[in-house]
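Have your viewer ready and follow along, one selection at a time.

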Amino acid sequence: MADDGGDTVRVGVPARRIVSLVPAITEMLFAIGAGDAVVGRTTWCDYPAAALKVPSVGDGIDPNLEAVVARRPDLVLLYSSGQNVAAHERLADLGVPSLRLTTDHLADVPRLARLLGRVTGHELQGDSVARAFEAALAETSAPPGVHPLSVFFLAWTQPAMTVGRGSFLTELLARAGARNVFDDVAPSSAVVSIEAVAARNPDLILTLGADAPSLEGRPEWSAVGAVREGRLVHIEGTEFSWPGPRSPDAIRELRSALGNARAAHAATLSAEVGE
């Protein structure tokens, strides 16, 4: 079987003892009905709730191979990264097949649903999840021609970091009817200056996480019009953490949040004109 790292791996099918070192893949394995085959996961594999009952083997990048092998896997699923090449090669030396898989974009979701369906003997469920995802994605995406809100996605505050064209979050924004003001940045994430954010003058600032950062009380952010005028939107939930079957739900949430923010901004402008 060819993996996304460019290697061809002999895999016994169906795999019955899988260590998944990628949260997106762990979620997918449960989604296609192969959760019973997962015998190891990462610390970050927290969805669905049933995944938390699977023993953790630590991190997914540069993993603890002793902990992985102790789970006696017949297949290990790794994120396709240069940092996991050594782990892939070491597992091969130990006689444990591993596949390196890319989970960066929405297009990876149906592709991996079908691939994992073949690997685990759940072909029909994998194909069903893939088709349902494709239909839901088409249904939830903003129709062409809608004027997109320009959005700055603040992924981290110190230093200020955002997402670029390589992130699936940029895809979610586009399908929710918005435009990432840094969609010309190729990597999935990048450090940006507050001056650059001010120059691109976004309609909204979007933040993600358990707690909303307090930008309005920080003088350096006053250079950004959206901060001065309180045009801030905060969202949370693991459906925004990686591409997966819940991505259409994430798009619906984004569309709703952005629509509310657009309406509130329009009302403010209307009130100012009326004064």
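**Stop one: the cavity**

One cavity reaches the 30 Å³ threshold (on a 1 Å grid over the protein atoms alone, a cavity is a set of points where a 1.4 Å probe fits but cannot get out). This is a predicted model, where local features need pLDDT of at least 70 and side-chain atom pairs count only at pLDDT 80 or more, while totals for chains, interfaces and linings use all residues. Residues are numbered from 1 along each chain as its sequence is written, and side-chain values use heavy atoms, without hydrogens and water.

Select A24, I25, M28, T103, H105, D108, V109, L112, P243 and G244 to see the lining of the largest cavity (lining residues have an atom within 4 Å of a point). The space inside is about 60 Å³, the volume being what probe spheres set on the points fill, with points joined across faces, edges and corners. Helices α1 (23-31) and α4 (108-120) each give at least two residues to this lining (helices are DSSP runs of H or I, at least four residues, and strands are runs of E, at least two, numbered from the N terminus).

**Stop two: the sheet**

Now show β7, β5, β9 and β10, which in that order form an open, parallel sheet (strands pair if DSSP finds at least two bridges between them). At its edges are β7 (178-180) and β10 (232-235), each pairing on one side only. Zoom in on β5 (residues 149-154), joined to β7 by three bridges; L149 stands opposite A178 there.

Note on methods: On a 1 Å grid over the protein atoms alone, a cavity is a set of points where a 1.4 Å probe fits but cannot get out, and a pocket is an open set with protein on both sides within 12 Å along at least five of seven lines; lining residues have an atom within 4 Å of a point.
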